[in-house]
Protein chains: 4
Amino acid sequence: MKADATEREIDDVLRVVKELGFRAHPLPGATRTAIAVTGNQGAVDPSHFENLPGVAESIRVTKPYKLITLDLRPEKTVVRVGDACVGGDELAIIAGPCAVESRAQAFAVAEAVRRSGARFFRGGAFKPRTSPYAFQGLGEEGLKILAEVREAYGLKIVTEALDDHGVDMVERYADVIQLGARNMQNFSLLRRAGRSPLPVLLKRGLSATLDEWLLAAEYVMSEGNYNVILCERGIRTFAQHTRNTLDLSAVPAVRRISHLPVVVDPSHGTGHNYMVAPLARAGVAVGADGLIIEVHDQPERALSDGAQALTLEQYEQLVADVRAIHEVVTPAPVGG
Amino acid sequence: MKADATEREIDDVLRVVKELGFRAHPLPGATRTAIAVTGNQGAVDPSHFENLPGVAESIRVTKPYKLITLDLRPEKTVVRVGDACVGGDELAIIAGPCAVESRAQAFAVAEAVRRSGARFFRGGAFKPRTSPYAFQGLGEEGLKILAEVREAYGLKIVTEALDDHGVDMVERYADVIQLGARNMQNFSLLRRAGRSPLPVLLKRGLSATLDEWLLAAEYVMSEGNYNVILCERGIRTFAQHTRNTLDLSAVPAVRRISHLPVVVDPSHGTGHNYMVAPLARAGVAVGADGLIIEVHDQPERALSDGAQALTLEQYEQLVADVRAIHEVVTPAPVGG
Amino acid sequence: MKADATEREIDDVLRVVKELGFRAHPLPGATRTAIAVTGNQGAVDPSHFENLPGVAESIRVTKPYKLITLDLRPEKTVVRVGDACVGGDELAIIAGPCAVESRAQAFAVAEAVRRSGARFFRGGAFKPRTSPYAFQGLGEEGLKILAEVREAYGLKIVTEALDDHGVDMVERYADVIQLGARNMQNFSLLRRAGRSPLPVLLKRGLSATLDEWLLAAEYVMSEGNYNVILCERGIRTFAQHTRNTLDLSAVPAVRRISHLPVVVDPSHGTGHNYMVAPLARAGVAVGADGLIIEVHDQPERALSDGAQALTLEQYEQLVADVRAIHEVVTPAPVGG
Amino acid sequence: MKADATEREIDDVLRVVKELGFRAHPLPGATRTAIAVTGNQGAVDPSHFENLPGVAESIRVTKPYKLITLDLRPEKTVVRVGDACVGGDELAIIAGPCAVESRAQAFAVAEAVRRSGARFFRGGAFKPRTSPYAFQGLGEEGLKILAEVREAYGLKIVTEALDDHGVDMVERYADVIQLGARNMQNFSLLRRAGRSPLPVLLKRGLSATLDEWLLAAEYVMSEGNYNVILCERGIRTFAQHTRNTLDLSAVPAVRRISHLPVVVDPSHGTGHNYMVAPLARAGVAVGADGLIIEVHDQPERALSDGAQALTLEQYEQLVADVRAIHEVVTPAPVGG
């Protein structure tokens with residue numbers, strides 16, 4: 001309440017709280033009175049109170065998520081994809097080109113990915129592009145190539161769906177549905193993915209707060225699909241030396257609240273080839289459960305995001321480096 | 001090129017540019033050589049060159065949009081909706097509740113909106129909510145109420161679609177399809193709206209650059225729907241005294257590049273009742289073609305966004321104020 | 001407290017609060033217990049509690065400022081500068097070149113400023129420049145030119161000080177000490193300005209929250225100088241179509257908390273000549289007490305910030321426009 | 001140039017470029033003409049051209065810094081402080097309390113810092129505080145305690161100066177002058193530190209771009225002091241789960257341009273005790289030359305920033321962890 005709130009204004013707020021079915025606790029302080037509200041099962045919208053006379057500010061203290069929390073499930077979720085997994089003891093490496101461009105390209109990259117010991121292959125068949133005139137991906141053709149890669153190399157396929165139709169197709173050909181940063185709050189799509197038998201890799205939106213990201217996961221889980229992998233891929237800030245600002249603090253922040261595994265994408269998170277290896281090392285050191293890395297057999301000819309793709313040689317060096325770091329990092333205890 | 005780039009590195013870059021079908025212009029400077037690239041019809045991805053040896057930086061100079069530009073159409077687009085319009089001489093006012101909650105609520109608000117002389121009624125039937133547990137709108141039931149409002153008061157209906165199914169429904173019951181900030185880069189949805197006979201009101205994304213926003217409009221237009229209204233509704237910044245930071249500079253910035261009309265949303269743009277009127281005045285003073293205003297007959301009982309909704313009285317005062325400002329603002333000449 | 005906090009952990013927190021001399025109010029809720037702390041005279045650092053066992057989060061509810069508040073002084077402060085003022089009924093216009101470059105330039109601009117009816121002349125003698133190799137201002141020579149302008153045209157001089165020595169000099173030659181955005185948290189300089197007999201124009205820092213800005217004013221006032229004018233000049237965001245993002249919501253936000261007058265700087269706030277007039281109009285419409293405008297007799301030859309300077313003709317048109325808007329804007333009541 | 005720029009407008013721009021003493025290169029393209037400007041020794045302010053008729057946009061391609069660049073000095077600078085150094089093969093660890101609070105506190109922490117093998121002790125005697133009513137440090141008294149710590153433990157002292165007087169004092173009692181984030185563009189202070197015999201640890205500003213940060217270092221170096229250590233300490237973004245967003249990409253970004261060493265501050269960079277260790281590990285993994293860590297013997301009683309201070313035990317574990325990571329990280333080659 002404001003410092004000059006009247007008794008009557010305070011009583012009015014207490015009455016409104018009660019009318020809404022909650023308990024109100026008036027707390028007279030040295031200079032002003034605070035009113036605490038309890039008894040709510042979910043979150044109460046603070047805006048209910050903000051414009052009542054005499055109210056200075058209305059602040060939410062509890063969080064509106066449930067299924068993603070450690071309160072519900074204290075040990076970390078291990079998302080299993082056949083005989084591979086994300087969130088277990090082994091570092092999960094998901095590597096491949098930004099976009100599937102041809103069978104030859106996909107197989108050349110998959111060969112190196114398999115050789116590195118990674119278990120997951122990534123590659124876009126449906127590409128979200130800022131411009132309608134940019135290359136939009138090979139579509140179902142690309143998915144078929146990915147299915148061939150799976151067959152040939154035993155790699156699990158992670159690929160993006162942009163809409164309901166895309167989820168149908170990914171379910172037919174791949175192993176993990178990727179939901180991109182621009183779709184993190186496409187709530188229809190989150191619900192559709194929540195009804196899928198496949199695990200979901202949910203990228204953080206460019207300007208998503210931690211709560212919004214976790215609530216997007218909650219959307220998926222609230223439909224029954226508990227296999228959600230979170231992916232930090234950089235946020236939009238004023239800084240212009242990177243495409244996005246990779247927010248590695250998100251990894252321990254998620255860990256403190258949620259049982260869901262988290263992977264880091266240093267390729268989109270930086271946008272520059274020369275930064276991918278250092279930030280991949282940092283991602284493992286901060287405690288991520290895995291990495292998503294863009295690799296291309298001919299980065300300078302890539303149809304999208306060539307500037308950030310590693311060459312096959314750079315990729316192989318990176319895998320060796322991050323494995324060494326993973327070994328020395330004692331995993332932070334859940335909830336730590 | 002880097003200051004220490006060799007002749008050979010420079011030649012290699014010139015060669016790659018030529019191989020891609022463009023013209024390369026080497027420009028030796030005092031300390032380093034620049035290479036300009038021309039001859040491209042659309043934009044060239046600068047990343048093609050960034051990792052070549054000796055290259056210091058690769059910068060895009062031209063913009064990748066076409067249909068939205070003043071180059072293509074020098075006079076401002078007037079979006080006509082029956083006998084009303086956005087982008088003409090009259091200030092367009094789009095007012096109504098955040099969500100349609102009941103027939104009684106919609107009619108009470110519509111009565112005031114009609115009385116104010118506004119021509120457009122807004123109200124959400126499908127609500128994008130951060131939490132899966134929050135009120136999600138009345139769905140088709142809400143659209144039917146909106147259609148009744150149209151019938152009873154002659155107001156044009158502006159309402160949001162969240163997915164393809166939603167666009168189908170909005171086409172059946174309403175006049176303008178609103179695409180929300182969280183869907184600004186939902187490219188499937190943009191294309192669907194681009195195939196609709198209804199005008200599209202396209203909100204700027206929370207972290208959208210000017211180019212990304214204009215390219216989202218370009219997506220809609222590239223499918224044949226040229227009736228796009230842009231809406232500035234605040235961006236996400238570090239500032240916490242508002243829900244979003246209303247970026248009014250976007251209005252003259254769009255005007256300098258594009259023929260599309262722009263409206264301003266001071267309700268979402270601030271999130272606080274007491275700020276809506278001053279920022280609405282500012283929006284008109286900066287040269288916007290219209291305003292979207294949230295109004296509620298009982299804001300303290302609103303099911304969503306109550307903190308920012310105006311009472312009917314506040315709304316009527318606001319309309320009088322902004323009309324007075326609109327009269328004194330000499331419209332900036334297109335391209336100004 | 002966390003949902004699984006033990007009785008003992010709760011008791012420990014209650015004990016620590018009491019040891020610090022405050023009152024603790026345990027508030028058992030449906031799923032967890034909250035503990036409210038009252039009895040503090042100033043703000044309590046929430047970090048005292050955050051790491052105690054069982055604590056989920058520690059949130060500050062009260063604000064740490066005093067002198068700037070409407071609680072202390074309910075009517076708006078009018079800062080008087082001789083026979084001119086900022087914060088009164090008249091719109092204050094502070095105009096002039098970014099930097100004083102020569103006597104001829106200063107007089108050419110001052111002539112137009114005087115003719116427009118403005119009462120304040122701005123011009124930098126000490127320029128804060130990002131690069132050590134850029135023009136840094138004429139120093140005392142520039143101040144002497146400003147003093148001549150004052151003499152010749154009766155304009156009050158507003159000019160920036162970068163350090164203690166600069167404040168000494170500004171006190172000798174000018175009327176209002178400007179503290180720039182980069183120095184908003186230069187606490188030594190704030191204290192020095194707080195001991196000056198001259199009013200202080202305090203620009204908001206590029207990334208300053210509302211609280212930080214108001215606390216910077218509190219620094220000045222805590223030394224005894226109550227004549228503080230706040231200036232919104234744009235914040236740093238991801239948006240690149242302007243040099244800064246002018247945050248006009250800051251005007252009503254300050255007004256709701258503080259009695260200090262606020263002016264708007266659309267020149268630095270946008271960085272582009274063509275945006276200055278629309279954003280100046282918006283600044284007046286949102287309720288600012290004044291404007292700071294960069295004007296140059298030959299903008300294309302300006303030694304700093306030429307891109308944003310208005311020509312004399314543009315400036316004169318702008319003054320006419322904003323005066324017309326100021327007349328129709330009913331001033332928002334203080335605290336509104 | 002704009003697509004519809006006339007021959008005459010193009011000629012006018014060419015003429016202005018020549019008048020300014022540069023060379024102009026017209027580059028006719030498919031849809032518009034570009035004009036490249038070369039021959040400048042330093043950077044040319046793009047604003048000179050932006051408002052000329054027919055000009056669409058004016059873009060700076062070269063950077064305005066010199067002394068900090070690898071062009072000038074291709075190998076990394078090793079800043080020597082007596083027998084310790086920053087930028088060499090060994091990881092530099094700078095640890096201690098946020099503020100020096102008492103002799104007992106400083107000695108208790110220094111004992112642990114020494115035992116860990118770190119060579120640098122940090123502790124603030126002059127504290128920049130957002131509120132004028134918060135604890136501002138012990139001043140000279142604090143510096144004397146730091147000098148005693150140096151004497152007793154052989155640790156090098158790193159401590160902040162807020163103004164010229166502070167630099168005088170730090171020179172008398174300590175080994176490295178820290179310039180804080182809020183003073184990164186306090187150009188008077190940068191110049192004063194540039195005339196000091198002591199090395200300077202320059203923190204990145206809360207909203208500083210890479211260029212602004214490097215130019216702040218250039219200010220110090222342009223006065224003759226080449227011993228500058230850069231410190232990434234987090235930037236201000238929309239994200240609220242940390243006090244600042246630690247931007248670890250800054251480390252490889254600086255490395256690609258500059259020879260100056262870079263350290264990382266995970267304490268201010270996160271603001272939360274539980275995040276310090278993971279982000280410290282990440283900082284070393286990304287390739288930083290050192291860490292600054294806040295440690296307190298009784299964090300819950302700290303007079304400032306208690307929430308982020310490590311206990312002595314946490315600190316010792318962290319040092320062991322980061323040393324293990326440092327061993328496996330192959331240092332990125334300079335310029336890599």
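Copies are superposed by least squares on the C-alpha atoms of residues with pLDDT of at least 70 in both. The model is predicted, with local features needing pLDDT of at least 70, side-chain atom pairs counting only at pLDDT 80 or more, and totals for chains, interfaces and linings using all residues. Residues are numbered from 1 along each chain as its sequence is written, and chains are lettered from A and ligands numbered from 1 in the order in which they are written.

Chain B is superposed on chain C by a rotation of 180° with 0.0 Å of shift along its axis, at an RMSD of 0.1 Å. That is the relation of a two-fold axis. Among the residues of chain B, A282(B) comes closest to the rotation axis, its C-alpha lying at 2.0 Å.

Across this pair, 35 residues of chain B are in contact with 36 residues of chain C (C-beta atoms, placed from the backbone, within 7 Å). On the chain B side, helix 8 (250–257), helix 10 (273–285) and helix 11 (312–328) each supply at least two residues (helices are DSSP runs of H or I, at least four residues, numbered from the N terminus). Helix 10 of chain B gives the most, with seven residues. By type, the side of chain B that touches chain C divides into 21 nonpolar, 11 polar and three charged residues (Ala, Val, Leu, Ile, Met, Phe, Trp, Tyr, Cys and Pro count as nonpolar, Asp, Glu, Lys and Arg as charged, and the others, Gly among them, as polar). Of the interface residues of chain B, 100% are also interface residues in chain C, so the copies meet through the same surface.

Key:
Contact = placed C-beta atoms within 7 Å.
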